[in-house]
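Colleague: Could you walk me through this assembly before I set anything up?

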Number of protein chains: 4
Amino acid sequence: MSAEVEKKKVVLAYSGGLDTSCILVWLLENGYDVVTFLADVGQSEDFEAARAKAAILGASKMVIQDVKTEFVEEFIWPSIRANGLYEDRYPMGTALARPCIARAMIKVAKEEGAKYVAHGATGKGNDQIRFELSAYALHSTIEVISPWRLPEFYTRFKGRNDLFEYAKEKGIPLPVTQKDPWSIDANLMHISYESGILEDPQTHAPKKLYVMTTHPEDAPDVPTVLEIEFQKGLPVKVVNKDDGTTKTKALDLFIYCNEIGGKHGVGRIDIVENRFIGMKSRGIYETPGGTILLSAHMDLEVFTLDRELRKIKRKLDAEFAEQVYRGFWFSPEAEYTRRCIALSQDHVDGTVTVKVYKGGVYILGRASPHSLYNAELVSMNVQGDYEPTDAGGFIKINALRIREYQRLRASETSGK
Amino acid sequence: MSAEVEKKKVVLAYSGGLDTSCILVWLLENGYDVVTFLADVGQSEDFEAARAKAAILGASKMVIQDVKTEFVEEFIWPSIRANGLYEDRYPMGTALARPCIARAMIKVAKEEGAKYVAHGATGKGNDQIRFELSAYALHSTIEVISPWRLPEFYTRFKGRNDLFEYAKEKGIPLPVTQKDPWSIDANLMHISYESGILEDPQTHAPKKLYVMTTHPEDAPDVPTVLEIEFQKGLPVKVVNKDDGTTKTKALDLFIYCNEIGGKHGVGRIDIVENRFIGMKSRGIYETPGGTILLSAHMDLEVFTLDRELRKIKRKLDAEFAEQVYRGFWFSPEAEYTRRCIALSQDHVDGTVTVKVYKGGVYILGRASPHSLYNAELVSMNVQGDYEPTDAGGFIKINALRIREYQRLRASETSGK
Amino acid sequence: MSAEVEKKKVVLAYSGGLDTSCILVWLLENGYDVVTFLADVGQSEDFEAARAKAAILGASKMVIQDVKTEFVEEFIWPSIRANGLYEDRYPMGTALARPCIARAMIKVAKEEGAKYVAHGATGKGNDQIRFELSAYALHSTIEVISPWRLPEFYTRFKGRNDLFEYAKEKGIPLPVTQKDPWSIDANLMHISYESGILEDPQTHAPKKLYVMTTHPEDAPDVPTVLEIEFQKGLPVKVVNKDDGTTKTKALDLFIYCNEIGGKHGVGRIDIVENRFIGMKSRGIYETPGGTILLSAHMDLEVFTLDRELRKIKRKLDAEFAEQVYRGFWFSPEAEYTRRCIALSQDHVDGTVTVKVYKGGVYILGRASPHSLYNAELVSMNVQGDYEPTDAGGFIKINALRIREYQRLRASETSGK
Amino acid sequence: MSAEVEKKKVVLAYSGGLDTSCILVWLLENGYDVVTFLADVGQSEDFEAARAKAAILGASKMVIQDVKTEFVEEFIWPSIRANGLYEDRYPMGTALARPCIARAMIKVAKEEGAKYVAHGATGKGNDQIRFELSAYALHSTIEVISPWRLPEFYTRFKGRNDLFEYAKEKGIPLPVTQKDPWSIDANLMHISYESGILEDPQTHAPKKLYVMTTHPEDAPDVPTVLEIEFQKGLPVKVVNKDDGTTKTKALDLFIYCNEIGGKHGVGRIDIVENRFIGMKSRGIYETPGGTILLSAHMDLEVFTLDRELRKIKRKLDAEFAEQVYRGFWFSPEAEYTRRCIALSQDHVDGTVTVKVYKGGVYILGRASPHSLYNAELVSMNVQGDYEPTDAGGFIKINALRIREYQRLRASETSGK
């Protein structure tokens, strides 16, 4: 980093931890004016301690923003609507938070007149991509400093020990607790665990790893039953059928689903996934509330949407999941996909009843003012205006090309 | 039904129950020579009692065939490979059995020189379609008699009472047990429950409904851990890590997975699905072994397949599921889809460890001789020949069109 | 047809030709009160002669409606936006007209209080489906009379001769001109030719068959150059660069494109297509104006849409084409698809210059106020803020999983 | 470029032109031992002059390989089978040649023991990606030198003038002819033209630009009729119906199609396309033979493949086109896609007759021993074993969910 950048202002995504503290000091050392930024996306963090630490280390300013409500309403909610799962399994808690954080941070960069933003994401992961694609989309001339991709940084700090040395040397307070032998990312939607001892995909995750969810074996022996109401595909009310607890505000509702899901051990997965960067990576995730809501939404969607419309929408869902995972939230295609998905949800209204028990989410029933479900039509005991003979014609016509095909193949075979 | 069909031979799919017994007698009454056919696909049935009953009622012959092994190897296995779920949730136990049964039955029809086959499926369901499309595909000149779609039959037998009356009149033995207030289809892979009191999609399924699986609340407090080995995407060994039980033959292995899954309450779903015929229908399913194997296969597949290859393969999976559900097993497109899916599984070899507990299936770890997972490459502590700076270029190039897009949009907005 | 339908009112899609005249008389004979309906979708027809003939034959009323403008604006335009081609080649002139005609006719049925509609489409084609699905969608209790599917009709009228005999007997005026040895469907968008001598897919279509287009060999030796302007993906202006002729009203513009395309022999295709009913069918089509506009729209769309957005939109286009071809215009999925496609066209504004010559449409250039095309960025001579080194990183990261894959395969092979 | 690479061996893709001659000298200047490589993919080139020039400039060896046959059989043929068009229009002549050339060159690098390969592709284009992804796939430890992405190169040679100066200084023979104001890539399949005056997407391509094809206005007034035979989706014979000329060897056949197509002005397109790198680029292409064969193959494919099988296959085609365009020929997903596509072509056998005239390719008819086309079944005059009444049931059942949908929407609207 040359002298020319001296006094240039950078907004640094700062957590208060060892890595970003070292980066903060290193940026100062390289002549930057550093504004630290910390978004509250629901992680458990001592925000004021982080603020104090940033000040001590030399940040010219510390901006802490609570973006929990927008995280739920503008990022998690669209993903519920989109049945958002990456590679069929991962509810994308981290991937959804990144554009939310990046957007808040870019806003600060604009307000502060900073031409640079910096982050502590590694050079092998998805988060650097998610962060930077969002940044470039929202501020096309912003420049990104990613120390873990700069040779002058990563050849200097080859491992955790080098950071410790640097911290000691620079008077950066060291973490008091022993670091877990894996890395963590936490927010309102989930906690992810990866690397360290988890890098061996055969190693079972230790029981003590999990933070948001009770071990299913230790979860209550009595299930909880929830009634979840959706309007236009978005959760608008959760009622605990046992004690009547009711939540209607988006953030409250989501936190409550986390609480119930967490208590019952819901939403744990252990997967190997394909990073955008091209490598396979093993991750453990716990997504208690999200798992409940995804399950309920899916149920209501099949109940209320026309079959063929839903088939088209499910292809858009697949696009959505990949866009989010890969960091393209603010891309033209992702904006378009979300608009199309939103269009599909006009009639996804109704209530789903779910039982939560020992790690499982069980649908018990559903109701909707707009369901295409017609109990009379489907009934085996009611004829209605359904003509069974029509089905014969339907089958015969569907068989037409198959019979032609088999007839041709048979004639070819017999001719040999 | 006119006089001209007298003495014509028909093969009837016969279960020994009230409906098909009445159909048998009705066919005789209409001058047919009736060969009854009963396939053993793993349902619990008193086959000899059914044989005796058919003889008493006047069938000229009763053919009972055990097709369990081919059901597993030729129908369930391809579906495991295809991660076969209809509308994201239903493992298609019934849909997979139908073409297996139809194939066996058409073979009998050919052997018997019968120009007709008959079945007792209703005129509103999927099974008539699955049965008949298979029949037409495998025997292009066969004629199908579907009494529940013939006005002379369904106007005569308007409900269960009419069948009872007819049975009494014709000396057909009546069922000794009270019929459940829902209908059932059972085979090795699953039991399905629908109609009757289940037609109201809000009604919770009663606890006593389930046959294959223990109620999760009543399941053992201690999990079972299984190690499942796959070769080319097919299960070839299951080992119970607690007691060492090992199964390697396809049928044994599948039955054992059912046993363990059933004991732990695995594989229950309550869904509304979209029938091919166009109506929504509510079904309860329990698929214990299938659910375990689907979960393990999915895990190994992501672990061993290249990301982009798998994305293409997953679209084929979606085609597969719809083909199977709709009854097109023997169609040109389904044969093609299965061949393509099989091609993708060449390297899906390895072992997945799963914990089964109180209704849940939890992946604990996986290993493969062919995994593209590279622990060194992904490690945060090892540089390897990965150049972090490359990621910067990767991101910048990916951002190119997004920045152009946002720049254009911004210029348009500012120009207004 | 039983006595109970006597005096019941039916609206018959009536062309004035032999078939529908016979059907008109046959319906009267069967006791119906027949209102004849004829939509002007741009076919060349002597409408007043048809009106007179209907009156003579006994129709209680003849309704003739000019739906040309709505055909262009509400059916052809959405298809231009959707780059509407069935099986990659057929611009669907007939398929687009059917729902337009059916909608107008159902409106008449409602106004007339008719509980029946009737049409003369054959029982093997697509048009019966397009017509009836539209009818059922727009009037869920309407009943459709399709004589060519009624045994009492089609066993009585086995061929053209039987119709001739019936016409003579009933005093129906016979056609004065010799029928072409193929059947025709004509409207503003195209003329289709099928059956008769065309049924042999090897037979070349005779030169005299074509009506809308000049034989390319006989077309002018001098090309015509058109400038076509689009707003939101819809054509809004066509200018003939040679003589300055300008058209801006949708219907005028489309007719003018037909005129120019027709003069230059544009839009002829000879294909075998797959009918919804399951059989393959050979058709010859000429779609002069539509071909020009589809070509121009496609060009502008690639020019103005983001690459990835367009990829998603193209999948919706494929759904659109199939929905239209199969007759599902008024289905939930088709309404949804059209809404999503419309959303994608917000910035498809600009002008495309095309040369039309001897059957070909050649794009000469294009311009747009919203194009993402950035001449400076793409220039080989201008560096801009593009960093060539980024491309190296981009490639390396894209190569990552491929190298892993090849490394693994190589190690497996060498190990054998 | 540091001293450590001195004496290291590099294989340079060398054309004999100014750019790669300068790169050759520059590599020598930087201490490399340079083996030049030139693949004959059908471009018109004075190969021996290039060889002499390389020797004069100091290459230690010049390898010239004729890969035309493998280019046709292993790259163009699979693309014909896949109906290979990028973004619906571009037949990908350049994209198909790159992996062919790269494979030959990597083979040379292995034989020569070279650890480096170099090329003269620009840093903004697709070819660098196609070349390098192929190289990395086939030789996972190869290192690529791409001078136009190296700051020490591209900051030294900012434009054509700098290359001229360098050439003069180093004694590199200067081109004797004036360079066209656009750049060209030529091979057996096509010639592409881009950049320079073509960078303005509104500028019409000048008539003199085209090399492979006659201007349609100047093409013969008499069409040529070809009969093209396919086996398993690959062209195996072309017969000129006018003069009886017959070609059966892949390379001969393709060259002959080029000749006929070129003479009649077939295969010119002017498009804006989306590069993988993210920018839009304008290109003019002429692909005479490829356009004829793609058109004929498409026709035969619809004729011989089952409708639903083909729908699935067409999605694979879309994957294929994107894989090829983006340079992923040797990726796992592309290998898989090609295998699946090949599977689909088992019965794509038969003959297509096409007329070629003034820029157009017109299908006149087709025949196949395996077609699913059944003239009797589709005939309007033959009943066959088709029951028209079945179509009524087919339509009614298809209408079921649409009627339900409209009924629900109507009841909601009326309730408001």
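Modeller: What follows goes through the chain contacts, then the helix packing, then one annotation.

Modeller: This is a predicted model, in which local features need pLDDT of at least 70 and side-chain atom pairs count only at pLDDT 80 or more, while totals for chains, interfaces and linings use all residues. Residues are numbered from 1 along each chain as its sequence is written, chains are lettered from A and ligands numbered from 1 in the order in which they are written, and side-chain values use heavy atoms, with hydrogens and water left out.

Colleague: How many residues of chain B are in contact with chain A?

Modeller: There are 102 residues of chain B in contact with 102 residues of chain A, where contact means heavy atoms within 4.5 Å. The area buried between the two is about 9000 Å², with 57% coming from carbon and sulfur atoms; buried area here is the accessible area (1.4 Å probe) that two parts lose on being put together, summed over both.

Colleague: Which three residues supply more of chain B's buried area against chain A than any other three?

Modeller: Those are B:Lys124, B:Lys280 and B:Arg307, which supply 8% of the area that chain B buries there.

Colleague: And what about chain B with chain D, what area do they bury?

Modeller: Chain B and chain D bury about 2200 Å² between them, 70% of it on carbon and sulfur atoms, and 25 residues of chain B are in contact with 25 residues of chain D. In this case B:Ile312, B:Tyr336 and B:Leu343 supply 30% of the area that chain B buries against chain D, more than any other three residues.

Colleague: Switching to helices, at what angle do H8 and H9 of chain B cross?

Modeller: Helix H8 (residues 250-263) and helix H9 (residues 288-304) of chain B cross at roughly 100 degrees, and their axes come within 6 Å. That makes H8(B) roughly perpendicular to H9(B), a label for angles of 65 to 115 degrees. Among the residues making the contact are B:Leu253 and B:Phe254 of H8(B) and B:Ile292 and B:Leu293 of H9(B).

Colleague: In chain D, how far apart are the axes of H3 and H9?

Modeller: The axes of H3 (residues 68-81) and H9 (residues 288-304) of chain D are 8 Å apart, and the helices pack at an angle of about 40 degrees. The contact includes D:Trp77 and D:Arg81 in H3(D), and D:His297 and D:Glu301 in H9(D).

Colleague: Last one, which residues of chain A does the UniProt domain annotation cover?

Modeller: The unreviewed UniProt entry annotates residues 9-173 of chain A as "domain: Arginosuccinate synthase-like N-terminal", and such annotations may be inferred rather than shown by experiment. In the model, that span is 51% helix and 15% strand, with its end C-alpha atoms 24 Å apart; helices (H or I, at least four residues) and strands (E, at least two) are DSSP runs.

Definitions and conventions
Axes fitted to C-alpha atoms, helices over the stretch in contact; angles between N-to-C directions. Parallel < 35°, antiparallel > 145°, perpendicular 65-115°, else oblique.
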